Each structure stands twice: as structure tokens, then as C-alpha cells.
Amino acid sequence: MLGSQEHILSKIASNDGHGENSAFFDGWKAYDADPYHPTKNPNGVIQMGLAENQLSFDLVEEWVRNNPKASICTAEGASQFKDIAIFQDYHGLPEFRNAVARFMEKVRGDRVRFDPARIVMSGGATGAQETLTFCLADPGEALLVPTPYYPANDRDLTWRTGVELVPVICDSSNGFRMTRDALEAAYKAALESNTAVKGLLLNNPSNPLGTVLDREALSMALSFTNEKNIHLICDEIYSATVFAEPGFVSIAEVLAESPDANPDLVHIVYSLSKDLGFPGFRVGILYSYNDAVVCCARKMSSFGLVSTQTQRTLASMLADEEFTQEFLAQSAARLGARRAALCQGLAQMGVGSLEGSAGLYCWMDLRRLLKAATFEAEAELWRVIVDDARINVSPGASFHCAEPGWFRVCFANMDEETMRVALSRISKLVVQRKSGEAARKQCRRRSKLEISLSFRRLEEIMMSPHSPMTSPLVRTMT
């Protein structure tokens with residue numbers, strides 16, 4: 001059946017470019033098939049593979065109850081129903097773009113300004129990433145991306161655009177920090193394979209690492225892209241999830257401090273999915289300093305607009321600076337406390353994690369639990385975690401990590417009790433794996449001892465005067 005479909009459908013419809021057949025998505029499927037519930041399904045799979053910010057919804061719900069006029073679906077807001085329901089152009093509601101620009105400034109500590117006229121809407125960060133890729137590169141050209149990186153980048157940036165991703169290899173020797181040497185090596189490798197590089201994509205704060213790029217690293221990236229005359233794309237969708245030092249520095253700040261840099265090469269992707277916890281609203285933002293990109297992206301945005309009802313409600317919410325100030329402070333504090341609880345729990349069972357100051361996850365180090373330092377061993381351990389421990393975590397291989405044994409663990413999409421259950425399951429797994437490894441080592445030592453004793457007995461037999469090996473006939477033959 002598949003073969004016949006390939007003949008009658010397009011290449012996009014019949015290929016595997018979506019990347020759905022990977023451990024990253026397989027874990028989600030395992031959860032969907034048997035989701036954990038504390039009373040209805042206590043042995044189900046706990047979802048720790050989904051980066052959602054659910055820790056501050058009480059603040060949002062309170063605001064919604066106190067501001068019924070913000071919605072056209074209430075008695076207080078119904079008078080605006082017609083004006084919002086009729087056709088709107090793809091520039092977006094002015095009050096929405098103004099509110100988003102102001103919120104982006106607030107998230108960045110009011111250290112930079114954003115022009116509402118440069119804000120382009122899209123259906124989530126996924127749509128913003130793809131739209132920008134269509135604007136910057138042609139099929140067969142490439143973007144550099146430091147590893148490890150978000151698995152869905154392979155879908156969002158390449159599936160429909162035909163653009164390639166070239167990994168910039170980073171490793172644990174320096175905390176997975178991006179270096180100039182690594183950028184140069186990736187750029188050179190692409191050119192040697194006759195692949196034109198059109199840009200560098202940075203995820204700041206990082207998903208999956210939970211780390212931020214400091215001013216020095218951003219300045220280096222800006223210098224590199226300007227020297228190569230390629231674009232610098234900064235995905236800043238986790239910018240308000242920073243809960244500790246080092247704090248967040250936006251590429252917008254570095255660009256403002258770099259008068260010799262070419263602003264036409266700098267672009268920012270943002271959304272409200274992670275910072276506010278609204279992935280279901282599908283609010284993606286593309287902000288470019290390049291007039292031609294803004295113009296083209298705005299035309300393309302008609303394929304994935306944000307509904308005007310959503311725009312209106314969020315414009316009202318984001319314009320409430322007292323609310324946004326309280327939300328940002330409370331959300332950061334809660335994320336920091338939750339991450340600390342998770343990492344401390346892991347540390348108590350002898351499991352390490354990469355130090356981080358942002359995000360909705362931690363980068364867990366399970367290298368000591370691998371049976372071998374291979375990605376095959378990582379896949380085996382991941383399967384045990386999902387099938388036996390009943391937890392969906394995401395293996396490093398799905399993030400293109402250069403080293404086996406790292407896993408992303410999300411912590412902000414559940415309540416405290418569920419996380420305690422998850423930690424208990426992980427602890428049990430760790431004990432079992434360590435016990436199994438100890439047993440294997442003891443078995444190997446016993447085998448070596450038995451082999452040694454066997455050789456010793458063989459030598460004793462050979463040297464015995466009663467041994468056939470000492471007979472004159474055997475000595476003559478040898």
C-alpha cells in the first residue's frame with residue numbers, strides 16, 4: 001500500500017521528514033497510551049518528556065476571573081464580538097502587537113526596546129521558525145545548530161523547506177558550551193560537502209540544557225555570522241523561565257551594543273508557549289531587524305495566523321503591567337524551587353545533572369548506568385525507563401547529543417506529588433541498575449578467578465610425573 005501511495009502523493013506526503021518515528025515522540029506515544037493518574041491509573045506512564053509551564057496557572061485564572069471584559073465570550077465582552085469576529089488583516093491587532101513588544105521588553109529587564117511594527121505573528125514558534133527559514137534559505141542550503149538541540153528542529157526547519165541542519169558539536173568537557181572552533185569546524189565541513197551555509201540558529205536559553213548564553217558567547221556568535229555574512233537566528237522562547245544567575249541576555253542587547261554589526265542579519269523567534277504556559281493558544285512571534293524579511297514573513301503569516309479572539313484577550317492581559325510583573329516574579333521563583341527539588345532528589349540517589357539557571361527541565365546524567373558508552377546502550381536504558389520505571393524522559397540521542405547517557409527530564413508540567421512519585425521510580429531504577437552492574441562485575445571477577453584456577457590446575461597436571469606430557473614419547477614428539 002505504501003509503495004502505491006508514493007506514486008500518487010507528493011514527496012512530502014510520502015516521506016518521513018516529520019521525524020515522528022524517533023524516541024522523542026515514541027515516549028509521548030507511550031504516555032498517551034497509558035497516562036499516569038494518582039488514583040485512576042497509578043501504574044501509568046508519568047510524562048516528563050513535555051516542556052510545559054503549568055506552575056503558575058492559578059495567577060492566570062485569577063486574572064481571567066477578574067477581567068471578564070477581556071473575552072468576547074462573556075456578557076461583559078460580548079458587545080465587541082462582531083468587531084473581533086469579522087475579517088482582520090495579517091498585520092494583527094495593533095493593541096496585540098504593542099502589548100507583545102512591551103512584554104518582550106519587560107522580560108528582558110527593560111534593557112532594550114522592540115518596535116511593534118517589526119512583530120510578525122505566526123502559529124506558535126514552530127510556524128515562526130519555518131517562516132523565517134523560508135525567508136532566509138533555499139532548499140539544499142543549511143543552518144548551523146549547536147548540539148544538543150530541540151529534536152523538532154529537524155521537522156520545523158527542514159521538512160517543508162528542504163533546508164538542511166549542520167550540527168555544531170558541543171560536549172560535556174566544557175558544559176556543552178559553544179566555541180568559535182566548533183563553529184568554524186562545522187562551517188568548514190558544510191562548505192567541503194558543497195553545502196551553502198545561510199545562518200546560525202541559537203536556542204537561548206537552551207532546550208535541553210537549561211543554560212543561558214552569556215554576553216561573550218552572543219558577541220562571538222554575532223561576530224562569526226557577520227564575518228561569514230550569514231544570518232543569526234536567536235530562539236528566545238524560554239527567556240522568562242530564567243530563575244537564577246547567570247541571567248538572560250538577549251541578542252537584541254548585544255546588537256544594540258555593536259554598532260559595527262549588520263542588523264539585517266539578526267532575527268529573534270519568540271512565543272508565549274513557555275514563558276506564560278500558553279502552547280494551546282499557538283502564539284508565535286518573529287521579530288526581524290531586516291525590512292525585507294518582515295515584509296515577506298508578514299505575507300507568509302496568512303498561512304498560520306493567531307485568532308483575533310486570542311489576540312484581544314492576550315493584549316488585555318499583557319497590557320496589565322501589574323499582573324505581568326507579578327507573574328514573571330512568581331513563575332521564576334516557582335520554577336527555581338521545582339528544579340532545585342528535582343536535582344536534589346536526583347543527587348541523593350547519586351545521579352548528576354548539568355548546572356542550569358533556566359528552562360522547564362534539567363539535563364540528567366545517567367552515563368554511569370549505561371552498560372556501555374554507546375548510543376545503543378542509551379536506547380536500551382531509555383526503553384527500561386519507559387517500560388519498567390514507567391516514566392517518559394527524552395534520550396540525548398534524539399537531541400543529537402554527541403555523548404550517550406544524557407536525558408532531558410521535564411519538571412514543570414506536573415504537581416509536587418507526581419514528581420515525588422517519579423523520583424521514587426527513578427530511585428528504584430538506579431538501585432536496580434547499580435545492583436545489576438555490581439552482580440555483573442562480581443560474575444566477571446568470578447569468571448576470571450575460575451579461568452585463572454583452571455590454568456593453574458592445568459599447569460600442575462602437566463608438571464606432574466604422572467602426566468602424559470612428561471612421558472619420553474611426548475618429549476620426543478615435541
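**Close-up views of a predicted model**

**View 1. Arg390 and its loop.** Arg390 is found in the loop that runs between helix H15 (375-387) and strand S11 (391-392), where helices (H or I, at least four residues) and strands (E, at least two) are DSSP runs numbered from the N terminus. The model is a predicted one, in which local features need pLDDT of at least 70 and side-chain atom pairs count only at pLDDT 80 or more, while totals for chains, interfaces and linings use all residues. Residues are numbered from 1 along each chain as its sequence is written, and side-chain values use heavy atoms, with hydrogens and water left out. Although Arg390 is not a glycine, its phi is positive, at about 65 degrees. With a relative accessibility of 22%, Arg390 counts as partly exposed, a class that lies between buried (under 20% relative accessible area) and exposed (over 50%), as computed with a 1.4 Å probe on protein chains only.

**View 2. The protein chain as a whole, as background to the other views.** The protein chain holds 17 helices and 13 strands, and 49% of its 478 residues count as buried. Among the contacts in the chain with a separation of 6 or more, 73% come from residues 24 or more positions apart, a contact being heavy atoms within 4.5 Å.

View 3. In helix H12, which spans residues 291-300, the buried residues are Val293, Val294, Ala297 and Arg298. Looking down the axis of H12, these buried residues fall within an arc of 125 degrees, so they line one face of the helix; the arc is that of the directions from the helix axis to the C-beta atoms. An α-helix has 3.6 residues a turn, so residues three or four places apart point the same way. Asp291, Ala292 and Lys299, on the other side of H12, are exposed. The partners against which the buried residues of H12 pack are strand S2 (119-123), helix H7 (124-136), strand S7 (266-271) and strand S8 (283-288).

View 4. Helix H6 (residues 94-107) packs with helix H14 (residues 321-348) at an angle of about 40 degrees, and their axes are 11 Å apart. Here axes are lines fitted to C-alpha atoms, for helices over the stretch in contact, and angles run from 0 to 180 degrees between N-to-C directions. H6 and H14 are therefore oblique to each other, since angles under 35 degrees count as roughly parallel, over 145 as roughly antiparallel, 65 to 115 as roughly perpendicular and the rest as oblique. Arg102, Phe103, Lys106 and Val107 of H6 make the contact with Glu321, Thr324, Gln325 and Leu328 of H14. Helix H4 (residues 57-66) packs with H14 at an angle of about 160 degrees, with axes 10 Å apart, and H4 and H14 are therefore roughly antiparallel. In this second pair, Asp58, Leu59, Val60 and Trp63 of H4 meet Phe323, Phe327, Gln330 and Arg334 of H14.

View 5. Arg282 has its place in the loop between S7 and S8, and its phi is positive, about 55 degrees, although Arg282 is not a glycine. Its relative accessibility of 36% makes Arg282 partly exposed. Thr310, which lies in helix H13 (residues 308-319), has 15% relative accessibility and counts as buried. Leaving aside residues up to four places away in sequence, Thr310 touches Phe281 and Val283.

View 6. Asp214 lies in the loop between strand S5 (197-203) and helix H10 (215-228), and at 42% relative accessibility Asp214 counts as partly exposed. The side chain of Asp214 reaches the backbone nitrogen of Ala217 at 2.7 Å. Asp214 and Val249 are 35 residues apart along the chain, yet their C-alpha atoms are separated by 6.4 Å.

View 7. The peptide bond from Thr147 to Pro148 is cis, with omega near -5 degrees, and Pro148 lies in the loop between strand S3 (142-146) and helix H8 (153-156). Glu245 and Pro246 are likewise joined by a cis peptide bond, with omega about 0 degrees; Pro246 lies in the loop between strand S6 (231-235) and helix H11 (251-256).

Technical notes. Polar contact = N/O pair within 3.5 Å; in protein donor to acceptor, adjacent residues only side chain to side chain.
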